[in-house]
Amino acid sequence: MSFKVLVTDYVWPSVEPERAVLAKIGAELVVAPDGEEDTLAALAKDVDGILTCFAQVTDKVVRAAEKCIVIGRYGVGVDNIAVDTASELGIAVTYVPDYCVDEVSDHVMGLLLDWNRRISLFDNSVKGAGWGSVPLTMRIMRLRGKKLGVVGFGRIGRAVCTKALAFGFEVLEYDPFVSAEQAAEAGAVSVDMETLLRESDFVTLHSPLTPDTENLIGAAELALMKEDAFLINCARGPLIDEAALYDALQSGSIGGAGLDVLVEAHPSPDYGLLKLDNVVVTPHVAFFSQEAVLELEERAAGEVASVLQGQMPDNLVNTSVLDHPSPRHSLSG
Ligand code: NAD
């Protein structure tokens with residue numbers, strides 16, 4: 001049996017690790033030259049599986065993939081895949097939910113520490129204007145005893161909690177699907193969103209992007225936050241209403257923001273938020289380490305290989321396809 005698997009896009013040096021995994025089951029890779037919808041739809045026609053990182057695997061692309069039985073996400077969120085269309089057509093969708101929990105939680109602490117200790121500011125000032133060129137008039141907090149609010153207490157939210165506890169933070173969490181007992185076991189205090197926003201010195205977002213969580217943080221939520229509070233988003237850009245965040249940062253109604261994700265996937269340097277001194281930004285790299293990426297490539301390819309061979313993958317997103325009346329896959333429920 002020979003299979004073809006389309007790789008829509010990737011952000012690492014080569015696709016050799018996934019090629020090696022898929023070669024073991026006789027599958028060859030087709031690497032898309034770009035992530036445009038028309039390109040992907042044309043290439044999708046002839047493939048048995050799709051692997052995707054950030055490219056949009058839209059309704060049109062999924063419908064064009066007439067033979068496809070599995071779409072595998074290189075990563076955690078599946079908001080770039082038309083999962084409903086895949087489910088309707090009986091196509092399995094897989095993901096790799098936990099390959100970078102260490103990296104993202106480290107990155108959150110990195111943004112928090114960079115801001116609070118003003119590391120980037122001091123680094124730039126020493127190299128540019130010289131030693132001692134910035135007066136110590138800014139707000140730098142002693143972290144012990146401060147409150148960190150975690151919105152979304154899943155894998156990454158809990159890992160951030162563990163690390164924050166080691167710094168002496170009191171951790172508040174808000175997650176409608178996590179009980180107060182579960183939060184307490186992890187060392188956090190479960191509160192409602194309003195309390196979290198009012199009381200936290202740092203707020204970090206870790207919920208998925210869904211229609212319910214889009215603009216989870218808007219003008220009303222920002223208005224509840226403390227004047228010196230710092231908002232961190234290493235989850236998904238659209239969780240925040242960026243126009244409202246811009247206003248809050250510019251007017252000083254919150255202290256600052258640390259953002260690894262923005263609404264725009266590739267913002268230009270004149271993007272409003274990038275002009276603000278109280279924003280620390282990284283270009284969607286929180287997931288990245290060599291170890292995490294190798295694990296991601298091998299596991300994402302392994303998931304696709306499993307479905308192609310009729311074996312249950314470790315992480316099936318749309319379990320409803322197991323009950324599909326005429327599924328494309330041959331997985332049993
Ligand atoms: P997870 O599924 O383990 O946890 C998400 C949690 O959010 C769950 O506990 C869920 O109950 C909770 N949640 C759902 N709706 C909510 C709401 N309305 N309010 C508050 N909480 C809500 O996911 P995870 O692995 O911890 O990932 C969290 C986020 O990080 C996702 O958005 C993911 O896409 C993003 N992510 C970003 C990067 C990056 O490189 N920046 C890397 C990996 C993951």
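1. Which residue has a polar backbone atom 2.9 Å from an oxygen atom of the ligand? The residue is Arg155. Keep in mind that this model is predicted.

2. Now look at how the ligand is covered. On its own, the ligand exposes 870 Å². The protein buries 87% of that area. The ligand sits in the largest pocket.

3. What kinds of residue make up the shell around the ligand? There are 15 nonpolar residues, seven polar and four charged. In total, 26 residues surround the ligand. Arg155, Ile156, Asp175, Ser207 and Asp260 are the closest.

4. Next, the aromatic rings. The structure has seven aromatic pairs. One of them joins Tyr10 and Trp12. Their ring centres are 6.2 Å apart, with 40° between the planes, and the pair is tilted.

5. Are Tyr10 and Trp12 buried, or partly exposed? Trp12 has 5% relative accessibility, so it counts as buried. The cut-off for buried is under 20%. Tyr10 has 30% relative accessibility, so it counts as partly exposed.

6. Trp12 also pairs with Tyr74. Why is this pair called edge-to-face? The planes of the two rings stand at 75°, and planes over 60 degrees apart count as edge-to-face. The ring centres of Trp12 and Tyr74 are 4.8 Å apart. Trp12 therefore has a ring in a tilted pair with Tyr10 and in an edge-to-face pair with Tyr74.

Note on methods
Residues are numbered from 1 along each chain as its sequence is written. This is a predicted model: local features need pLDDT of at least 70, side-chain atom pairs count only at pLDDT 80 or more; totals for chains, interfaces and linings use all residues. Side-chain values use heavy atoms; hydrogens and water are left out. A residue is near a molecule or strand if one of its heavy atoms lies within 4 Å of it. A polar contact is a pair of N or O atoms within 3.5 Å; within protein, one must be able to donate a hydrogen and the other to accept it, and residues adjacent in sequence count only if both atoms are side-chain atoms. Accessible areas come from the Shrake-Rupley method with a 1.4 Å probe; for residues, only the protein chains shown count as cover. On a 1 Å grid over the protein atoms alone, a cavity is a set of points where a 1.4 Å probe fits but cannot get out, and a pocket is an open set with protein on both sides within 12 Å along at least five of seven lines; lining residues have an atom within 4 Å of a point. A molecule sits in a cavity or pocket if more than half of its atoms lie within 2 Å of its grid points. Ala, Val, Leu, Ile, Met, Phe, Trp, Tyr, Cys and Pro count as nonpolar, Asp, Glu, Lys and Arg as charged, and the others, Gly among them, as polar. Rings of Phe, Tyr and Trp (its six-membered ring) pair if their centres lie within 6.5 Å; planes under 30 degrees apart count as stacked, over 60 as edge-to-face and the rest as tilted. Buried means under 20% relative accessible area, exposed over 50%, partly exposed in between (1.4 Å probe, protein chains only).
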